[in-house]
Amino acid sequence: MSSSPSPTARGSRLALLVVGLCWLAVLFDGLDMFIYGSVLPHLLETKTFGLTPDQAGDLGSYATFGMLVGALTAGTVADRIGRKKLMIGCVTLFSLASAICAISDSVAVFGLGRTLAGVGLGGLLPTAISMVSDYAPRGRGAIVIGLLMTAHHAGGILSAYVAKWLVEPVGWRAAFWVCVAPLLFAPVLLKLLPESLSFLVAKGREEEAAGLAARYDVELPATSGRKTAADRWDALLGLFRGGEWVQTLLYWLASFGGLLLVYGVATWLPTLMRTEGYELTNALTFVVVFNLGGIVGMLVAGRAADRFGAPRISAIWFALTAAGVYLLSVHLSMGVTTLVVFLTGVFLNSAQTMIYATVSIRSTPDNRATAVGWTSGMGRFGAVFGPWLGGRLLAAGNGEWGFTAFALAGVSSMVFIGIAALRTPRTATPADTEQNLVAAH
């Protein structure tokens, strides 16, 4: 007589399905985000659309500006239509936006496509993190979120291979047609992905939420009172009362420099490596190595922060990132450069996350979500500025200063987060910290 699987085993498998679907969605997010940087050297060398370096920087900023809009509006839209529908909408939007890029016949049309893609990309990641938080097995939320974040860098790796395999023999448009393929994934999400438990509870659909929680063997989110506009405004003002305004501005400046560095390097790494004399194939290999480092960094940064403290790790990580980025401006042997690129990826891609961890740990419970959310939001202006800065430097014939400028951004973030961390910490509970790191993304 065969025995049926235990509810726990069944629930774990179903939860794995949810995490797997979200991981694939974020993989496509990373592919679409990094594909522009991967094909950019080809676009500039062939003078596609008569593209100049400063225009290329503007195009990179269009996508990050779209991400800013998407991230800021995702919560409001998700509260209205649900997180599942928003995820499907985001995947559909950035896939169709890539089709606009693929058929574009001018810089203006291409820029429209990248802006729309950015809106979808910016809305997807925080929504996917919220989904996996709802359905992660008990006690595994932080690990699952870290695993999900590796998908973004896996998408960056995929973008480099897409560019290497398709751009030279077929053309750059083929790379963007590959980015349309995730459109076929939207019906899969529609059929298999359940709705967010947090959304169901917030909408008063407790019976439906309880049924899903029992089926997936996960905890049902607690019902929380919804804040009014006045409450949210008061929480924001709380970040500036007394002497808190100094700490708040330091966090914002650190986040600005951190995301300037992240998106500046992500956009311009292949092109800047070409200006340093490396072949295009090697420059794209560096994209793969950089994102492999990002995956490793996401997996180790949390453990290091738990042991030595998030503020200390954030400052050290930014210092090491600045050193690595600066070394990329020196033409070293291929082996040494590859190692530097890998280590830079390890530290760069998790240093910013440690800023959010620092803010969350050192904020009071009543304004923690507001503090982390606004630190993330202010940082996204750096994400817009980074690609623009790289383009302006190249256009002025100062491409060799690109890595130096990005290294200085890393130094500034190290200084700002280091000064802010000198305050006496206010310790958050692990659950609070985890949930508010979700909001930051």
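Author: Let's start with a term: two residues are in contact when they have heavy atoms within 4.5 Å. One caution: this is a predicted model, where local features need pLDDT of at least 70, side-chain atom pairs count only at pLDDT 80 or more, and totals for chains, interfaces and linings use all residues. Residues are numbered from 1 along each chain as its sequence is written, and side-chain values use heavy atoms, with hydrogens and water left out.

Reader: Okay, so which residues is Q352 in contact with, leaving aside its neighbours within four places in sequence?

Author: Those are A254, S255, G258, L259 and F318. With S255 there's also a side-chain polar contact of 2.9 Å. A polar contact is a pair of N or O atoms within 3.5 Å; within protein, one must be able to donate a hydrogen and the other to accept it, and residues adjacent in sequence count only if both atoms are side-chain atoms.

Reader: Is Q352 buried or exposed?

Author: The idea is that buried means under 20% relative accessible area, exposed means over 50%, and partly exposed is in between (1.4 Å probe, protein chains only). Q352 has 5% relative accessibility, so Q352 counts as buried.

Reader: How far apart are the closest N and O atoms of R114 and D32?

Author: They're 3.1 Å apart, in a salt bridge. R114 sits in helix α4 and D32 in helix α1, so this pair ties together parts 82 residues apart in sequence. (Helices are DSSP runs of H or I, at least four residues, numbered from the N terminus.) Both partners are tucked away: R114 counts as buried at 1% relative accessibility, and D32 counts as buried at 0%.

Reader: And what does D58 pair with?

Author: D58 forms a salt bridge with R392, and their closest N and O atoms are 3.4 Å apart. D58 is in helix α2 (residues 53–81) and R392 in helix α15 (residues 368–395), so the pair ties together parts 334 residues apart in sequence. R392 is partly exposed, with a relative accessible area of 30%.

Reader: What about R205 and E208?

Author: Their side chains meet in a salt bridge at 3.0 Å, N to O. R205 counts as partly exposed at 34% relative accessibility, and E208 is partly exposed at 38%.

Key. A salt bridge is a side-chain nitrogen of Lys or Arg within 4 Å of a carboxyl oxygen of Asp or Glu. Helices (H or I, at least four residues) and strands (E, at least two) are DSSP runs, numbered from the N terminus.
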